[in-house]
Amino acid sequence: MSGYFGSNKFKLGLFGINCSGGCTLSAAPEAWQANWPDVVKVAQMGDEAGIEFILPIARWRGLGQSWVWEKSFETFTQASALGALTKRIGVFVTAHVPLVAPVVAAKAIATIDHVTNGRAGLNIVCGWNADEFAMHGASLDGDKRYEQGLEWYKIFMKLLAGDKFDWEGEFYHLKNLTTNPLPVQKRPPVMSAGSSSSGQEFAAQAADIMFTTLHTYEQTSDTITRLKALTAQQKREADIYVQSLYVVRPTRKEAEDYYHYFAEEHADPEALAYFKRQKSASLAQATREGTSAADIATVARMRQENERYAGNFPGMNPVVGTPDDVVEEIRKMKSIGLAGGALVFLNYLNELPYFVQEVMPRLERAGLREKVAV
Ligand SMILES: Cc1cc2nc3c(=O)[nH]c(=O)nc-3n(C[C@H](O)[C@H](O)[C@H](O)COP(=O)(O)O)c2cc1C
């Protein structure tokens with residue numbers, strides 16, 4: 001199934017509002033602090049503007065000694081709270097597969113789905129930071145994590161289908177499984193951002209929405225073709241989204257200067273070094289050896305080979321310019337088959353109002369989005 005969140009041609013989501021630093025490796029003083037009243041304001045602003053979803057990042061500790069992600073709100077409880085404070089926006093949770101039992105996730109998602117009358121969604125992540133897993137007494141096996149993820153997903157889905165069953169698998173041995181209530185939605189949407197070959201194979205079997213990165217349009221277009229073929233092999237369909245950092249200003253120069261200021265002059269080298277260290281330690285062997293185009297791209301991204309500035313989170317493509325430039329970029333994204341995008345801003349509360357005021361009406365005029373019903 002595909003086509004979640006209504007009829008807009010290009011869907012939008014707010015990504016990372018639950019974490020200090022959002023999703024930028026910047027130590028600029030005005031970077032996102034994730035103070036709860038601000039998180040609520042941004043969620044409500046997005047809701048009123050017709051943005052389709054809120055996607056939090058599941059974290060258990062910061063990036064080394066950096067302040068980035070040092071503070072983060074837990075995603076299930078946040079989704080329930082933000083769902084109760086908004087009217088139509090989708091509220092996703094992010095579950096780390098080995099750290100949340102499928103029966104817990106199924107019950108929590110069903111609860112959020114009832115609280116929000118059918119707006120819950122799940123981002124399944126299989127982890128990359130062994131330091132976080134150690135906090136739970138769990139270990140991280142780069143070669144097995146997506147196999148475990150698939151087993152987890154099957155149990156989770158069987159529970160949400162209302163089945164009563166025992167499970168004897170490779171990773172889970174569970175007795176007398178059942179859950180009640182079932183969600184309001186028949187099937188809350190599932191996201192995955194697996195980008196390595198095993199990550200993409202997992203996503204093709206489990207996800208309704210798959211994330212990919214955008215470095216060049218040509219490369220991303222090839223990735224989309226590959227992902228669509230992988231999902232078709234599974235007799236499934238999925239929408240493909242991209243995650244981007246937006247810097248929008250009245251002139252291109254202002255936008256470029258501001259991007260340089262926070263992502264280069266105020267880049268946080270400790271955060272990046274820690275990310276690379278942890279990520280490289282958890283790569284599957286196939287990824288380390290660059291077995292496929294997906295694996296080669298995953299390693300290049302981890303090394304930040306394609307980023308202009310050190311404070312740009314690896315794999316987060318920067319969309320920098322005037323409101324018209326931004327609409328042109330989104331038009332190109334749509335033209336290669338991307339169905340939506342997750343938005344990151346240095347400071348969501350400072351930047352989102354301008355995006356809503358200047359970019360969203362232009363997206364409507366360009367036929368990429370519809371006017372929000374009041
Ligand atoms: C939009 C998006 C959201 C993500 N959310 C999380 C998250 O909340 N927690 C996490 O540990 N990893 C998260 N990741 C990392 C992915 O799950 C995945 O590990 C990464 O894209 C690399 O793919 P790979 O695991 O196949 O190497 C996210 C990635 C993206 C692009």
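Predicted model: local features only at pLDDT ≥ 70, side-chain atom pairs only at ≥ 80, totals over all residues.
Axes here are lines fitted to C-alpha atoms, for helices over the stretch in contact. Helix α1, residues 36–49, and helix α13, residues 348–365, have axes that come within 10 Å and cross at roughly 10°. Angles under 35 degrees count as roughly parallel, and α1 and α13 are therefore roughly parallel to each other. On the α1 side, the contact is made by Asp38, Lys41, Val42, Met45, Gly46 and Ala49. Across from them, α13 brings in Tyr348, Leu349, Leu352, Pro353, Val356 and Met360. Sorted by class, the α1 and α13 contact comes out at nine nonpolar residues, one polar and two charged.

A second pair of helices can be described in the same way. The axes of α5 (145–160) and helix α6, which covers residues 197–206, come within 9 Å and cross at roughly 10°. So α5 and α6 are roughly parallel to each other too. Here α5 makes the contact with Tyr146, Gly149, Leu150 and Tyr153, while α6 uses Ser198, Gly199, Phe202, Gln205 and Ala206. This contact of α5 with α6 splits into five nonpolar and four polar residues, with no charged ones.

The structure holds one cavity of 30 Å³ or more. The largest cavity has a volume of about 800 Å³, and 39 residues line it. Closest to the centre of that cavity are Phe15, Val125, Trp128, Ala193 and Phe313. Which elements each supply at least two residues of the lining? They are the strands β3 (90–96), β4 (120–125) and β8 (209–212), along with the helices α5, α9 (269–281) and α11. By class, the cavity lining has 21 nonpolar, 14 polar and four charged residues.

The largest pocket contains about 530 Å³ of space. Its lining is made of 29 residues, and Thr213, Leu214, His215, Gln219 and Asn306 are the closest to its centre. Two or more lining residues come from each of α7 (217–233), α11 (293–302) and β10 (317–321). Of these, α11 gives the most to the lining of the largest pocket, namely six residues. Helix α11 also turns up in the lining of the largest cavity, where it supplies at least two residues. The lining of the largest pocket divides into ten nonpolar, 13 polar and six charged residues.

The second largest pocket has a volume of about 240 Å³. Its lining counts 15 residues, and those closest to the centre are Phe5, Asn8, Gly50, Glu52 and Arg369. The classes are evenly represented in this lining, with five nonpolar, five polar and five charged residues.

Pro56 sits in the loop between β2 (53–55) and α2 (75–84). Is Pro56 buried or exposed? Buried means under 20% relative accessible area, so Pro56, at 2% relative accessibility, counts as buried. Leaving aside neighbours within four places in sequence, Pro56 is in contact with Phe15, Asn18, Thr75, Gln78, Phe92, Val93 and Thr94. One of these, Phe15, is also among the residues closest to the centre of the largest cavity. Another proline, Pro181, is 125 residues from Pro56 in sequence, and the two are 24 Å apart in space, C-alpha to C-alpha.

Methods: Residues numbered from 1 in each chain as written. Heavy atoms only, no water. Axes fitted to C-alpha atoms, helices over the stretch in contact; angles between N-to-C directions. Helix = DSSP H or I, 4+ residues; strand = E, 2+ residues; numbered from the N terminus. Parallel < 35°, antiparallel > 145°, perpendicular 65-115°, else oblique. Contact = heavy atoms within 4.5 Å. Nonpolar A, V, L, I, M, F, W, Y, C, P; charged D, E, K, R; others polar. 1 Å grid on protein atoms, 1.4 Å probe; cavity = no way out; pocket = protein on both sides within 12 Å on 5 of 7 lines; lining within 4 Å. Points joined across faces, edges and corners; volume = space filled by probe spheres on them. Buried < 20%, exposed > 50% of the residue type's maximum accessible area, 1.4 Å probe, protein only.
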